[in-house]
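Have a look at the model first.

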Amino acid sequence: AADLERPEQTRVLTVSNQKGGVGKTTSTVNIAAALADQGFNVLVVDIDPQGNASTGLGVPHSAETDSIYDVLIDDLSFADVVADCPDLDRLQVIPATIHLAGAEIELVSLVAREQRLQRALDQYHRYRDENGQERLDFVFIDCPPSLGLLTVNAFVAAREVLIPIQCEYYALEGLSQLLNNINMIQKHLNPPLQVSTILLTMYDGRTNLASQVAEEVREHFPDAVLNAMIPRNVRISEAPSYQQSVITYDRSSTGALAYLEAAAELVQRG
Ligand code: ADP
Ligand code: MG
C-alpha cells in the first residue's frame, strides 16, 4: 500500500507476555512477514530456546546452527548468524537454537549481561550502514514466556513492547506482573521503553466471552490496543508446519488479512 511510509528510525519492538500460547510467536512471524511483504526491511530476533519463530519463517535452527546463543554468550555478531527468510526478500532472522535454554544461567556471570542484545543490534545497524545495506525499518524480538534475563535483554534492546493478549478467561491475569517488570526496566535500564501496542489474538467473535475480554482490555489500555483483532483461524495454525507465515501460505485467508491489517495499523500509528 502506497500510503505506508517508512519510519524515520528503525522501530524495535519486543513481543512479550509471560504467558505461553497467547500468540507471541505467531504474531511476531506474521506481522514481520506482512511488513516485509509491504516492502519494509524487517529483522526478527528469536530469543526463545524453542526456536518457533525460526521454524515459522523457514530458517535452519538445528543445534549446529550459529545462532543468537553465540551472539549473547560468545560475542559473535548478528552479521555472522543472520539468515534470509526463503519466502520474503526483505525479511531476515536471527535464529534461536536449543542451546539458548542454558543462556539464562550463563548470562548471569557475564559483563553487561542486560545489554548484550542491545549492543549486538547497535553493532548490526552500523555494519549494514558500512556495507551499503538499507536501514532496517522494523526489528521484532520474539520472547520466551518468562521474565528472565533473555527477556530483560529484549526490553533493554527495544523502544516498544508489543503485548499479544489472547481473548479468553484470565487474559489480564498476570499482566500486572509484566507491566511491573516493564516499569522496573524503564526506571533502571531503558527509560524510553513503552508499551506501544497491544494485539488481541485468537478472537472468536461468536462468543460473548471474547468480546467481553476485548472490551475490558480496551478499557485498560485505550491507546495501545490495535483496532485490528486476529481471529482464530486454521490457516494461521497450519502455516508453521509448512515453515511459512500465513501471509505467504494463504494470503487471502482471514488470518492473513487480519495480520496485514494489524501491520498497516502499526505503521500508521508510528
Ligand atoms: P506463544 O508464542 O505466545 O507461546 P504461539 O504463537 O506459539 O504462542 O501460539 C500458540 C498456539 O496457538 C500455536 O499452535 C499457534 O499455531 C496457535 N495460534 C496462535 N494464534 C492463532 C490464531 N489466530 N488462530 C489459530 N491458532 C492460533
Ligand atoms: Mg512463542
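Skipping its neighbours within four places in sequence, V217 is in contact (C-beta atoms, placed from the backbone, within 7 Å) with I165, A171, L172, I198, L200 and V225. A quick note before going on: this is a predicted model, where local features need pLDDT of at least 70, side-chain atom pairs count only at pLDDT 80 or more, and totals for chains, interfaces and linings use all residues. Residues are numbered from 1 along each chain as its sequence is written, while chains are lettered from A and ligands numbered from 1 in the order in which they are written.

V217 sits in helix α9; helices here are DSSP runs of H or I with at least four residues, strands are runs of E with at least two, and both are numbered from the N terminus. V217 counts as buried because it has 20 C-beta neighbours inside 10 Å; the cut-offs are 20 or more other C-beta atoms within 10 Å for buried and 12 or fewer for exposed.

Over at ligand 1, 18 residues are around it (C-beta atom, placed from the backbone, within 6 Å), and K24, T25, T26, I236 and S237 come nearest. The elements giving two or more residues to that shell are α1 (24–37) and α10 (234–238), with α1 providing the largest share, 3 residues.

Conventions
Contact = placed C-beta atoms within 7 Å.
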